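The sequence and structure come before the details.

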Amino acid sequence: MNRLPVRNGGDGFLCLFLEPYGDVFWLKPGDEFTVLPGEGVPDPQFTVEMVKHRLIVWVFEGGDPAKVVVDCTVVDSGGNELPEGHQWPDGRSPY
């Protein structure tokens, strides 16, 4: 299964922003999360765009931009599923 590991190698928070719904997950320095597409998605492919302190991730079925995968899970380095908004720092906006 395709998966996308994301690691924060910086010294501040990094926002992982999953489209199309805008789900956000915050990585502290040194954190590593993995984006997993839903079960049964044939040939999932990822598009990642970096914007100041934010990674925007889209997952497409077979790389087809008309087939956006909306069922994704984000897990930590221990394989634990993370809730949307995980580690949201006080006073921070993903925008």
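## Burial of strand 2

In this predicted model, strand 2 is covered on both faces. Leu14, Leu16 and Leu18 lie on one side and Cys15 and Phe17 on the other, and all of them are buried. Strand 2 spans residues 14-18, and five of its five residues are buried.

## Strand partners

Strand 2 pairs with strand 3 (residues 23-27) in the antiparallel sense, over five bridges. In this pairing, Leu18 stands opposite Asp23 of strand 3.

## Nonpolar cores

The largest nonpolar core has 15 residues, of which Leu16, Phe25 and Val74 touch the most other members. At least two residues of this core come from each of strand 1 (4-7), strand 2, strand 3, strand 4 (32-37) and strand 6. Apart from this core lies another, of five residues, including Cys15, Val24, Trp26 and Ile56.

Not counting residues up to four places away in sequence, Val74 touches Leu16, Leu18, Phe25, Phe33, Thr34, Val35, Asn80, Glu81 and Leu82. As general background, nonpolar side chains in soluble globular proteins tend to be buried together.

Key. Residues are numbered from 1 along each chain as its sequence is written. This is a predicted model: local features need pLDDT of at least 70, side-chain atom pairs count only at pLDDT 80 or more; totals for chains, interfaces and linings use all residues. Side-chain values use heavy atoms; hydrogens and water are left out. Buried means under 20% relative accessible area, exposed over 50%, partly exposed in between (1.4 Å probe, protein chains only). Helices (H or I, at least four residues) and strands (E, at least two) are DSSP runs, numbered from the N terminus. Two strands pair if DSSP finds at least two bridges between them. A nonpolar core is a set of buried Ala, Val, Leu, Ile, Met, Phe, Trp, Tyr and Cys residues joined through side-chain atoms within 4.5 Å. Contact means heavy atoms within 4.5 Å.
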